[in-house]
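Visitor: I am new to this structure and would like to ask about a few of its features.

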Amino acid sequence: MRHFISALTLSFILAGCAETGPQPHQDTRTTPSQAAADVEYVSPEVKTLIETSLSGTHAYDITQSLTTEVGPRLAGSEAEARARDWAVEAFKQVGLENVRIEPFTISGWKRGVETAEIITPYPQAMYITALGGSVATPDTGIEADIAYFPTFDDLVEAPLDGLEGKIVFISGLMKKAPDGAGYGPANRKRQSGASEAAKRGAAAVVIRSVGTDSRRFPHTGQMRYDETVPKIPIGALSAPDADQLERILEAGESVRLKLTLTPRFAGDLPSGNVIGEIIGSEAPEEIVLIAGHLDSWDLGTGAIDDGAGIGISLGAAQVILEAGLRPRRTIRVVAFGAEEVGLLGGFAYAEKHKDNLHNHMLASESDFGAGPIYEVKSGVAGEGEDVVRDIARALAPLGVTMGTARSAGGPDIIPMHAAGVPAMRLQQDGTDYFDLHHTPDDTFDKIDADDIAQNVAGFAVMAWMASETESDFRADLKTQ
């Protein structure tokens, strides 16, 4: 934390689930002075926020501090608890008020031994990781013949017998897209592959990692069990190992695999959301919420997923305070806990604040890495649409356009959006996001200082403009 505090002092002296509709876009970002000159039609406050954001290193420093001083932050772990303490101190150092932790409890899961090896016909080791929530193999592992399914749909369409005692291998490539549109279809095998294979008698499952890279890093992520069928272990192979297995199988060879995965369930464990605020000057009861999630998977240090989101949302609040601005509505910053294991922080927040969600005017989360924002997506109604378009126009000098696709505001915003809270999302370019997502390669060196500063500008302007308007973002939306 001392490095973060030093960076904050210096800055005061100097003053990363996917939506559809991506379009090809060019990087049209400008320098801070050009950006300020290009937004003459917006308020002086917005110009100041853009220039301060682009000339600073707010989110970069915050993300560096979190990923260095805490590191990986698996939900429910001691490290996630340290991250909450880190966030409380960071929020206070920035100058937020009413800083607090709202605790909740989750069912814990911890990783164990993870090995896979081809026994025949060509003995060799493979790189694998257990998927979050998977049950374990016996300590001695499972050795069985492979049943190969090129896609998840091939497994779903297979007869409900014939896989008894086998290890199912599900492949299927994920396509790159700026908004990660390929993630949803590719992720079906991760979420439901184990139960679909178990319905057909399989002993275990391995999948091609849900990712777009060709590195020998497997991608983890949460899976789900159908409680009506037996629970079997499931792991993800790195893309090169999945390629290797495919080559052997497609050559007509029978493959026997030994798989050992020994995760364990750890019972009830603590998690929590960290909250801080810039109190509104005229309508303090009305809330504009910006957020990231504090937990990460345990393989990397959670820089793009979602240390960057913490840096961007907290950095945006820092910029507003540095500019000496006091919003009309309250700007609330939330660092959600336990997102990776089922949006548990988002659900806990929506439940705790259910009697006050009608006062949440707008919500947005940064949880798609640190690539440049290129598009605004709306999840508001009525006159609020005009404000969202005004925000997009204010961000146009940063290479941002108004999109047509709707948005629920980000993963942890989904539960409150479903309960009527208006949302919007600043869509980042995630073309390469799933090269790193949920792997050991998700580390701080992947953060670009200029790109993440552009994100801070976007979130600062969005939060400020949403706080200043008297427009109603929720007309025609379900309200509490």
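This is a predicted model: local features need pLDDT of at least 70, side-chain atom pairs count only at pLDDT 80 or more; totals for chains, interfaces and linings use all residues.

Visitor: At what angle do helix α11 and helix α14 pack?
Guide: Two packed helices are described by the angle between their axes and the distance between the axes. Helix α11 covers residues 384-394 and helix α14 covers residues 449-468, and their axes lie 10 Å apart. The crossing of α11 and α14 is right-handed. The angle of packing is about 145°.

Visitor: How many charged residues are in the contact of α11 with α14?
Guide: On the α11 side are Asp390, Ile391 and Ala394, which meet Val461, Met462 and Met465 of α14. By class, five residues of this contact are nonpolar and no residue is polar. The number of charged residues is one.

Visitor: Which parts does the aromatic pair of tyrosine 60 and phenylalanine 444 tie together, and how many residues apart are they in sequence?
Guide: The whole structure has eight aromatic pairs. Tyrosine 60 and phenylalanine 444 form a tilted pair, with 4.9 Å centre to centre and 55° between the planes. Because tyrosine 60 lies in helix α4 (residues 58-69) and phenylalanine 444 in the loop between α13 (433-436) and α14, the pair ties together parts whose separation in sequence is 384 residues.

Visitor: How many charged residues line the second largest cavity?
Guide: The second largest cavity has a volume of about 50 Å³. Its lining includes Ser296, Trp297, Asp305, Glu340, His438 and Asp442. By class, the lining of the second largest cavity has one nonpolar and six polar residues. The charged residues in this lining number three.

Visitor: What is the omega of the peptide bond between aspartate 305 and aspartate 306?
Guide: Asp305 is one of the residues lining the second largest cavity, and aspartate 306 is placed in helix α9 (residues 303-322). The bond joining aspartate 305 and aspartate 306 is cis, with an omega of about 5°.

Visitor: Where does proline 121 lie?
Guide: The peptide bond leading from threonine 120 to proline 121 is cis, with omega near 10°. Proline 121 lies in the loop between β2 (114-120) and β3 (124-126).

Visitor: In which strand is asparagine 98 found?
Guide: Asparagine 98 has a positive phi, near 55°, and is a residue other than glycine. The strand that holds asparagine 98 spans residues 97-110 and is β1.

Technical notes
Residues are numbered from 1 along each chain as its sequence is written. Side-chain values use heavy atoms; hydrogens and water are left out. Axes are lines fitted to C-alpha atoms, for helices over the stretch in contact, and angles run from 0 to 180 degrees between N-to-C directions. Helices (H or I, at least four residues) and strands (E, at least two) are DSSP runs, numbered from the N terminus. A crossing is left-handed if the near helix is turned anticlockwise from the far one by less than a right angle, and right-handed if clockwise. Contact means heavy atoms within 4.5 Å. Ala, Val, Leu, Ile, Met, Phe, Trp, Tyr, Cys and Pro count as nonpolar, Asp, Glu, Lys and Arg as charged, and the others, Gly among them, as polar. On a 1 Å grid over the protein atoms alone, a cavity is a set of points where a 1.4 Å probe fits but cannot get out, and a pocket is an open set with protein on both sides within 12 Å along at least five of seven lines; lining residues have an atom within 4 Å of a point. Grid points are joined across faces, edges and corners, and a volume is the space filled by probe spheres set on the points. Rings of Phe, Tyr and Trp (its six-membered ring) pair if their centres lie within 6.5 Å; planes under 30 degrees apart count as stacked, over 60 as edge-to-face and the rest as tilted.
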